Amino acid sequence: MTAESAAREPVHAILDRLCATVEDYPKPGITFKDLTPVFADGEGLRAMVDALTEPFVGQFDLVAGVEARGFLLAAAAAYATGTGVITVRKKGKLPRTTLAEDYALEYGNATIEVHEDDVPAGSRILLLDDVLATGGTLSAATRLMERTGAHVVGIGVVLELTALGGRAVLAGHEVHSLQRIDL
């Protein structure tokens, strides 16, 4: 496929074509949508990143990505838009002084962190991740960014699992998903 034909192909069609479906992963009864084939396809990656950033162009100074696939999206988006990138990491992965935010998982609790001095107060942040499920991780990342004094202008995700209600947890923030999946 050429860049010209990829530009004409809607992003949801690209995702349908390239995203691999893996049954019973990570456990029986779960259908996993694997985005790595989309990341591996240059034109698919470009279309995905362009579609994630397009609604927010001119509204953000930094792109924050949630570990780990969110890093890929955020780095590509920051490069494409000429902005900086912030990594939101799992607890214990950052070497300098951090701010931390706890959140609940269906099987326990987790903590994410950001370097305390990486996000200038007043920054406008576009927050990116691969999947919106229950909203716990993205809600924690949003709170973390706001604790730095930044403003989250929007949240972009590739896939939204609508039945899990994550959008409701992010009420008050603009959420842009490229593909909504009903379970």
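**Close-up 1. Contacts of Glu 67 in a predicted model.** Leaving aside neighbours within four places in sequence, Glu 67 is in contact with Val 88, Arg 89, Lys 90 and Lys 93. The model shown here is predicted. Glu 67 sits in a loop, with β3 (62–66) on one side and α5 (69–81) on the other. A polar atom of the Glu 67 side chain lies 2.8 Å from the backbone nitrogen of Lys 90.

Close-up 2. His 176 belongs to strand β9, which covers residues 175–181. With a relative accessible area of 22%, His 176 is partly exposed; buried would mean under 20%. Not counting residues up to four places away in sequence, His 176 touches Ala 51, Leu 52, Pro 55, Phe 56, Ile 155, Gly 156 and Val 157. The His 176 side chain also reaches the backbone oxygen of Ala 51, at 3.0 Å. Ala 13 is 163 residues from His 176 along the chain, and the C-alpha atoms of the two are separated by 17 Å.

**Close-up 3. The buried residues of helix α2.** Helix α2 spans residues 11–18. Val 11, Ile 14, Leu 15 and Leu 18 are buried there. Seen down the axis of α2, the buried residues fall within an arc of 100°, so they line one face of the helix.

**Close-up 4. An aromatic pair.** The structure holds 1 aromatic pair. Its members are Tyr 25 and Phe 32, arranged edge-to-face. The ring centres are 5.2 Å apart, and the planes stand at 75°. Tyr 25 is partly exposed, at 46% relative accessibility. Phe 32 is partly exposed, at 24%.

Methods
Residues are numbered from 1 along each chain as its sequence is written. This is a predicted model: local features need pLDDT of at least 70, side-chain atom pairs count only at pLDDT 80 or more; totals for chains, interfaces and linings use all residues. Side-chain values use heavy atoms; hydrogens and water are left out. Rings of Phe, Tyr and Trp (its six-membered ring) pair if their centres lie within 6.5 Å; planes under 30 degrees apart count as stacked, over 60 as edge-to-face and the rest as tilted. Buried means under 20% relative accessible area, exposed over 50%, partly exposed in between (1.4 Å probe, protein chains only). Helices (H or I, at least four residues) and strands (E, at least two) are DSSP runs, numbered from the N terminus. The arc is that of the directions from the helix axis to the C-beta atoms. A polar contact is a pair of N or O atoms within 3.5 Å; within protein, one must be able to donate a hydrogen and the other to accept it, and residues adjacent in sequence count only if both atoms are side-chain atoms. Contact means heavy atoms within 4.5 Å.
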